[in-house]
Amino acid sequence: MLIRTGHWIRSAAFSVLSSAGWRDPLFRALRGTGIAVQRGLWIMDVTGASEDQQATTVVRCDATAETTTPTETPAEEEVNGSASVPGGMDRDGTTELLPGETVVKEGKAAILFPSANEVFYNPVQEFNRDLTCAVITEYARELLSQKGVRLVVPGEKERVVVSLSEESQEMEEVQEGEQKQGLEAPVAVVGEPCEQGLRVLEGLAASGLRSVRFALEVPGLKSVTANDCSARAAALIARNAQYNGISHLLKASQRDASILMYEARGRKDRYDVIDLDPYGSPAPFVDAAVQAVSDGGLLCVTCTDMAVMAGNCGETCYNKYGSVSIKAKYCHEMALRIILHSLDQRAGVYQRYIEPLLSISADFYIRVFVRVRTGQAKAKHSASKQALVYNCVGCGSFHLQRMGKRICQGKNMKYTAATGPPVGPSCEHCGQRHQLGGPIWAEPIHNTEFVQKVLSAVSGNPSRFGTSRRIEGMLSMVTEELEDVPFYYTLDGLSSTVRCNTPSLLQFRSALLHAGYRVSLSHACKNAVKTDAPPSAIWDIMRCWVRKNHPVKREKLSETSPAFQILSTEPNLQACFTVRQDANPQSRRRQLVRFQENPHANWGPKARARAGGAPPDLDDRRKQLQNKRKKPTADTSNLKNFPCKKFRQGLCSQGEDCCYSHEPQQEKDTGATME
C-alpha cells in the first residue's frame, strides 16, 4: 500500500531512514509499529498490524475500557489512573514500553505517555475532551441520518429527552416506525471506519489522546488524522494508535498544522470536523481552518490565552482576534464573543459564515463549536451580527452598538450603515466615562435545539463519560440562558457599586420578573444575572433594595462616586422582592453540578512541552517565583542555584559563584572592581 505525505511517496513499511539513528530509545521502539521516517516525516503503516493483533474493546458500566487480545490479558498495576509498565508489553503484545513510560487511561483510551514533559498532556482537559466526543457524536448522528446511516453508541439503549420545564426528566421512546427504519439502515459502530462517515482532523494532537478517543468512542467516522509538528509527538501518536488497536482508523501526521489545512482547501479534500486545541491562542490557525472544513462542517476551537481575551491586554487581543477586550464582570462571555467574531470575520473573506452550536467558558479556557457554511448572500449578514461595546468604568452599565443594519424588503435584503452611538459623552447613571471594546459577535452563541440533543444523549447514557454529571449541569444552564441577550451583571458587582449588602439571587431575580422582564443565569459566572432589563431598571431595583431594607450612609460617600450619583436619583420603578417560584431555575433546583470546585492544587494550565523534558522540581520553582516581582525577597539563599543566561554566554561577572539571582549592589561593586 502506498501512502502519500506532502511530496514523498513511500511504501508503508517499518523502516527508519532518519539520520538520528537507533540511539534514541524512542526510535528503537518504532520497529514493528509501521512507521517510516524520511527527513523528519513520520508515516504510519495502516496495514502494519495483523488480524490476530487487532484488539477488541470491552465497554464496562463505569465508562472505562480495556483492550485485550483473544489470547492474553496484560497485567498492569493501576496507580492514580495510570499504569507504569517499564520494559513490559502493550495490551496486544506487540509494542514494547519504554523505561519509565506510563499508561494514562481516560475514557476508553489508554495512552503511552513519557515520564518527562516532552509531549504535552493535561488531565484537567478531560471535561473538554468528553464534551467534544458528545458534540461530534450528535453532529455525526444528525449528518449521517440524512444518508440513511444509523449510529450505535455503546451503552445507549434508547433516546431520551430531558425537559427543564418540569421537575422530573421525561423519558420518551423512539416511535416504532423510526425504530424499524433504523434497524434496516446501515449501522455505524465505534472503532470501525464508515464509508459514508466523517473525516476528522486534530491539528495539534500532542500525545494523540483526543484522536484516540474519537476513534474508540465516536461512531460514524471514516478516518481520523492526528497531526503534530513535533517528531516525537507524531511517533507517540502512531504508537498509541497501534497500542489501542485502531491503526486502521487513526492516521498519524507530522506537518505544520496551517500548511496541512491549506493543502486541504479543495472541496474533495476538506475535513468534516476540525479540532484545534493549541497551547495558547488559536489565531495562527483560524484562517486555514475556516477554509479546510467542509460546507456545513464542524469547527471546534479552544482558547487558553484568557489573560489576553479577558481584558488584561486589549492591544494584543486586537492583534490576534481583531477585537479589543476590556476588563468587565462579563469578560468570560465577551471572550466567547470575541473568538466567534474572529472566526466569522475570517470565514467572510472566503464568502463563508458561521453558525455557533455551543460556546462554553470553563475552568481556565473557552471552547466553541461552530458550523461553517458557504453562501455569498448570507455572508453579507456578517456586519449586522457584530457590535461595539460601550462599558461604563463607574457603574459597569453596558450598551451595544451594531456595526451594520439589514432590512428585509420582501425577497430582497437591504444593507445600511448603523446609527449611533447609543450613549452620551458620560454615563447617565453615574456620570463616569465609557470604555469602547469590540467588535464582538452579538448574535446567539448557542443553538438550543442542538444543545438539547447533546444533553439528552449524555443524560440517557451517564456511564459513557467520566464527567457526565458536569456536562449535564453545564448544558442544562446553557439551555436556560436567554439567547438574544448578550452579557450579564453580577450581584456582587451591583452591590459593590452602591456600597450595600448583596441581595439573594432569588430576591433579585424575582424583582426583575415582577417588573415584567426576562431573566436567566449564565454558565460563565456563578453570580451572573442575564436579563433584557435596561440599566435604568437595574439601578431602580438596587435603589429600592437600599432604601427599603439596607440603607447606606450617604454622608460617607464622595459626591463624585458612582454610589452617590446613583442613590441621589429617585427610582421610577417600585421593586417587589417577594420570591417567586419561577425565579429558581430548574438546574439550580435539581442541584446539578454547575460550577465545579478545583479538585486539587495547581489546577489549571500545564507547562509547555519541552524537548528535554520538564525539570523535576517544577512545582518548587513555581512556589519560589510566586509573587516574585511584587514581594522581592531579601534572602537569596533559598533561591535555586543555577547559572544565569550571561553565564552560559561567558559574560557573567560572578564566574563560578553565579546563581539565578544577583544582588544589584554586588554586581555594581564587581563591575567597579573590574574597571
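How many of the eight residues of strand S24 (residues 434-441) are buried? Six of them are, so strand S24 is mostly covered; buried means under 20% relative accessible area, exposed over 50% and partly exposed in between, with a 1.4 Å probe and protein chains only.

1. **What you are looking at.** This is a predicted model, in which local features need pLDDT of at least 70 and side-chain atom pairs count only at pLDDT 80 or more, while totals for chains, interfaces and linings use all residues. Residues are numbered from 1 along each chain as its sequence is written, and side-chain values use heavy atoms, with hydrogens and water left out. Helices (H or I, at least four residues) and strands (E, at least two) are DSSP runs, numbered from the N terminus.

2. Strand S20 (residues 386-392) runs antiparallel to S24, and six bridges join them; two strands pair if DSSP finds at least two bridges between them. Tyr390 has Leu436 in S24 as its bridge partner, and Asn391 stands opposite Gln435 in S24. S20 is mostly covered too, with seven of its seven residues buried. From S20, Gln386, Leu388, Tyr390 and Cys392 point one way, Ala387, Val389 and Asn391 point the other way, and all are buried.

3. **The hairpin with S21.** S20 also pairs with strand S21 (residues 398-402), again in the antiparallel sense, over five bridges. Leu388 has Gln401 in S21 as its bridge partner. S20 and S21 form a hairpin with five residues between them, and Gly396 in that turn has a positive phi of about 85°.

4. **Cysteines.** How many disulfides does the structure hold? The count is zero, a disulfide being a pair of cysteine sulfur atoms within 2.5 Å. For Cys392, the closest cysteine sulfur is in Cys430 at 3.3 Å, which is too far for a bond. Cys392 is buried, with a relative accessible area of 2%, whereas Cys408 is exposed, at 54%.

5. **Two cis peptide bonds.** Most residues other than glycine have a negative phi, and most peptide bonds are trans. With that in mind, look at the bond from Gly420 to Pro421, which is cis with omega near 5°; Pro421 lies in the loop between strand S23 (412-417) and S24. The bond from Gly438 to Pro439 is also cis, with omega near 0°, and Pro439 sits in strand S24.

6. Gln351 has a phi near 55°, a positive value in a residue other than glycine. You will find Gln351 in the loop between helix H10 (331-348) and strand S18 (352-362), and at 42% relative accessibility Gln351 counts as partly exposed. Arg499 is not a glycine either, yet has a positive phi of about 60°. The loop between helix H15 (491-498) and helix H16 (505-514) holds Arg499, which is exposed with a relative accessible area of 54%.

7. **A three-stranded open sheet.** In which order do the three strands of the open sheet stand? The order is S25-S27-S26, with antiparallel pairing. Strand S25 (489-490) and strand S26 (519-522) stand at the edges, each with a single partner strand, so one side of each is left without a neighbour in the sheet. S26 pairs with strand S27 (residues 525-531) over three bridges, and Val519 has Thr531 in S27 as its bridge partner.

8. **Two buried residues elsewhere.** Is Arg210 buried or exposed? At 4% relative accessibility, Arg210 counts as buried; its place is in helix H4 (residues 209-217). The side chain of Arg210 makes a polar contact with the side chain of Asn128 at 3.4 Å. A polar contact is a pair of N or O atoms within 3.5 Å; within protein, one must be able to donate a hydrogen and the other to accept it, and residues adjacent in sequence count only if both atoms are side-chain atoms. Leu97, in the loop between strand S8 (82-84) and strand S9 (102-106), is buried as well, at 2% relative accessibility. The C-alpha atoms of Leu97 and Phe113 are separated by 9.7 Å, and the two residues are 16 residues apart along the chain.
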